[in-house]
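Subject: Handover of a structure and summary of findings

Dear colleague,

Please find below the structure that I am handing over to you. A summary of the findings follows it.

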Amino acid sequence: MSEESSGRSLMVRAQRLLGLDERPEVRPSALRAFWDRHPWALLLLMAPLGAMGGVLSALYILKINEYPSVSYGLFVLPAALAGWSASRPGHAALAGMTTLLCGVLGHAVGSRFIEYAQNDLEYRGWLVIGLVAGALLGFWGHRLRSHQAMRRVMAAAMIIGLLLAPVHRWYEGTSYPMEFVDPRVYVFDLCVISLVLIACRGLAPRVFALVISAPFVVIFHVLSLLSSIVLWRAGGGI
């Protein structure tokens, strides 16, 4: 019996290490339970964080050689964190959407203090993108806490793919403004990827998420090109 119990204990530890232990989630913490009863409290907490990320992205990232960097970390991290903090998928999507919209508004405020001439009309397009992308990021952030390994893998892979898309474009030199962007702005994005991998519990899910993030890099690269068309039309392009 002792050998059998020891074998089961070893198996349980191995499953936990690999992240394959799919037991139901334990009762949420007191803080998440409070946010579940009062979702507005989470919004009040995360909205300023999103706005701060938007302001910082304008004050520093857009100032490099007067070309906009497409570093996404300062926008992705607050929205995904808002979703991760929520206890329900619906609350997570709402929190992520609110946080990213505040990031867009913060960017609009921050761009008033730099030399880069941002087209104010483009923010109409950014608001639409913020509604969709914010809800998705909030939902993916919530999935990072799932007890099911495959849900964590897919959520982490999509967030990582989004964050690696501009890094990939810079590395390949496929976009003209990229050559004017200081590569140090992507260091923060790589740090955010590390946080996403930490949130995706288990060794096996983390490795798998990195592997399958490759096709999402291409997908989000194409979507970023399509979004530039939306922004061009919103900015007055014909």
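The paragraphs below set out what was found, from the overall fold to individual residues.

Please note that this is a predicted model. The protein has nine helices and zero strands, so that the order of elements from the N terminus reads α-α-α-α-α-α-α-α-α. Of its 238 residues, 42% count as buried. Among contacts with a separation of 6 or more, 77% are between residues 24 or more positions apart. The protein exposes about 13,000 Å², and carbon and sulfur atoms supply 69% of this area.

The ring centres of Trp-140 and Phe-220 are 6.2 Å apart and the planes stand at 70°, so the pair is edge-to-face. Because Trp-140 lies in helix H6 (residues 122–143) and Phe-220 in helix H9, the pair ties together parts that are 80 residues apart in sequence. Both Trp-140 and Phe-220 are buried.

Some nonpolar residues are found at the surface. Val-218, Ile-219, Val-222, Leu-223, Leu-226, Ile-229 and Trp-232 form a nonpolar patch there, with about 650 Å² of accessible area together. One of them, Leu-226, lies in helix H9 (residues 203–234). Leu-226 has a relative accessible area of 46% and is therefore partly exposed, as the exposed class begins over 50%.

Is Ile-198 buried or exposed? This residue of helix H8 counts as exposed, because its relative accessibility is 55%. Ile-198 is 54 residues from Leu-144 in sequence, and their C-alpha atoms are 9.6 Å apart in space.

With kind regards

Technical notes. Residues are numbered from 1 along each chain as its sequence is written. This is a predicted model: local features need pLDDT of at least 70, side-chain atom pairs count only at pLDDT 80 or more; totals for chains, interfaces and linings use all residues. Side-chain values use heavy atoms; hydrogens and water are left out. Patches are made of residues with over 30% relative accessible area and no salt bridge: like charges are joined within 9 Å, nonpolar side chains (Val, Leu, Ile, Met, Phe, Trp, Tyr) within 5 Å. Accessible areas come from the Shrake-Rupley method with a 1.4 Å probe; for residues, only the protein chains shown count as cover. A salt bridge is a side-chain nitrogen of Lys or Arg within 4 Å of a carboxyl oxygen of Asp or Glu. Helices (H or I, at least four residues) and strands (E, at least two) are DSSP runs, numbered from the N terminus. Buried means under 20% relative accessible area, exposed over 50%, partly exposed in between (1.4 Å probe, protein chains only). Rings of Phe, Tyr and Trp (its six-membered ring) pair if their centres lie within 6.5 Å; planes under 30 degrees apart count as stacked, over 60 as edge-to-face and the rest as tilted. Contact means heavy atoms within 4.5 Å.
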